[in-house]
Amino acid sequence: MLDPGQAYGHNPRVLFSYVRLEQRAAKWNALDAGLKHLAVMASAARINCSWCMDFGYWEGHEQGMAVEKIESVPRWREAREVFTELELLVMEYAEAMTETEPAVTDELAAALIPRLGEAAFVELTAVVALENWRSRVNSAFGLTSQGFSESCQVPAKG
């Protein structure tokens, strides 16, 4: 059982609504899955949600994303060479949206919309907002890593 599910389980109406939202969000497909994942990870890293980062590492691994990329997300500004220009813009946008107050600029939006298209830009915005919900709720509940990233590690040779 995932820890967030157990936490939400204390209020079945909230749990049901949240699960429905996640089920519907999983069907969004206007934004490239790799870009979506980087946006979610950048937002989780900015909030410092260890549960989301742990799960995100596993999710990225399952999607076939390069380990170097997954590990570089929390410090993407210092590891720019690992990412494409579009990936950098997406992570910058995710972080800007995650700030309290959001710090999205017209220039940043104008750089992304022609590259992504309007539908994907709206999806990017929505998925970052959803990750803000996840990360902030998990952090407020005190949820920490659940061991997902350990399952992705190459076992040491004995």
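Q: In this predicted model, how do the axes of helix H3 and helix H8 lie relative to each other?
A: Two quantities describe such a pair: how far apart the axes pass and at what angle they cross. In this predicted model, the axes of H3, residues 33–47, and H8, residues 118–141, come within 9 Å and cross at roughly 35°.

Q: What is the handedness of the crossing of H3 and H8?
A: The crossing in which H3 passes H8 is right-handed. On the H3 side, the contact is made by Lys 36, Ala 39, Val 40, Ser 43, Ala 44 and Ile 47. On the H8 side, the contributors include Leu 124, Val 127, Val 128, Glu 131, Asn 132 and Arg 134.

Q: How do the residues of the contact of H3 with H8 divide into nonpolar, polar and charged?
A: The residues of this contact comprise seven nonpolar, four polar and five charged.

Q: Where is Ser 43, and is this residue buried or exposed?
A: Burial is read from the relative accessible area. Ser 43 lies in helix H3. Ser 43 counts as buried because its relative accessible area is 0%, and the limit for buried is under 20%.

Q: Which residues is Ser 43 in contact with, leaving aside its neighbours within four places in sequence?
A: Once those neighbours are set aside, Ser 43 is in contact with Ala 94, Thr 98, Val 128, Glu 131 and Asn 132. Of these, Val 128, Glu 131 and Asn 132 also take part in the contact on the H8 side.

Q: Where is His 37 found, and what is its relative accessible area?
A: His 37 is also a residue of helix H3. With a relative accessible area of 5%, His 37 is buried. Apart from neighbours within four places in sequence, His 37 is in contact with Gly 56, Glu 59, Gly 60, Gln 63 and Met 65.

Q: What is the volume of the largest pocket, and which residues lie nearest its centre?
A: The general idea concerns empty space: rolling a probe the size of a water molecule over the atoms shows where such space is left. Here the largest pocket has a volume of about 630 Å³. Its lining has 29 residues, and Tyr 18, Glu 22, Phe 55, Glu 59 and Arg 134 lie nearest its centre. Glu 59 is also one of the contacts of His 37, and Arg 134 belongs to the H8 side of the contact with H3.

Q: Which helices each supply at least two residues of the lining of the largest pocket?
A: They are H1 (3–8), H2 (12–25), H3, H4 (50–63) and H8. By class, the lining has 18 nonpolar, six polar and five charged residues.

Q: What is the phi of Asn 48, and where is the place of this residue?
A: Backbone angles are read residue by residue. Phi of Asn 48 is near 70°, a positive value in a residue other than glycine. Asn 48 is placed in the loop between H3 and H4. Why does Asn 48 count as exposed? Asn 48 is exposed because its relative accessible area is 63%, where exposed requires over 50%.

Q: Where is the peptide bond that is cis?
A: The peptide bond from Thr 100 to Glu 101 is cis, and its omega is near -5°. Glu 101 is in the loop between helix H6 (85–98) and helix H7 (106–116).

Q: Is Phe 121 buried or exposed, and which residues does Phe 121 touch?
A: Phe 121, placed in helix H8, counts as buried at 14% relative accessibility. Not counting residues up to four places away in sequence, Phe 121 touches Tyr 93, Ala 109, Leu 112, Ile 113 and Leu 116.

Conventions
Residues numbered from 1 in each chain as written. Predicted model: local features only at pLDDT ≥ 70, side-chain atom pairs only at ≥ 80, totals over all residues. Heavy atoms only, no water. Axes fitted to C-alpha atoms, helices over the stretch in contact; angles between N-to-C directions. Helix = DSSP H or I, 4+ residues; strand = E, 2+ residues; numbered from the N terminus. Left-handed = near helix turned anticlockwise from the far one by under 90°. Contact = heavy atoms within 4.5 Å. Nonpolar A, V, L, I, M, F, W, Y, C, P; charged D, E, K, R; others polar. 1 Å grid on protein atoms, 1.4 Å probe; cavity = no way out; pocket = protein on both sides within 12 Å on 5 of 7 lines; lining within 4 Å. Points joined across faces, edges and corners; volume = space filled by probe spheres on them. Buried < 20%, exposed > 50% of the residue type's maximum accessible area, 1.4 Å probe, protein only.
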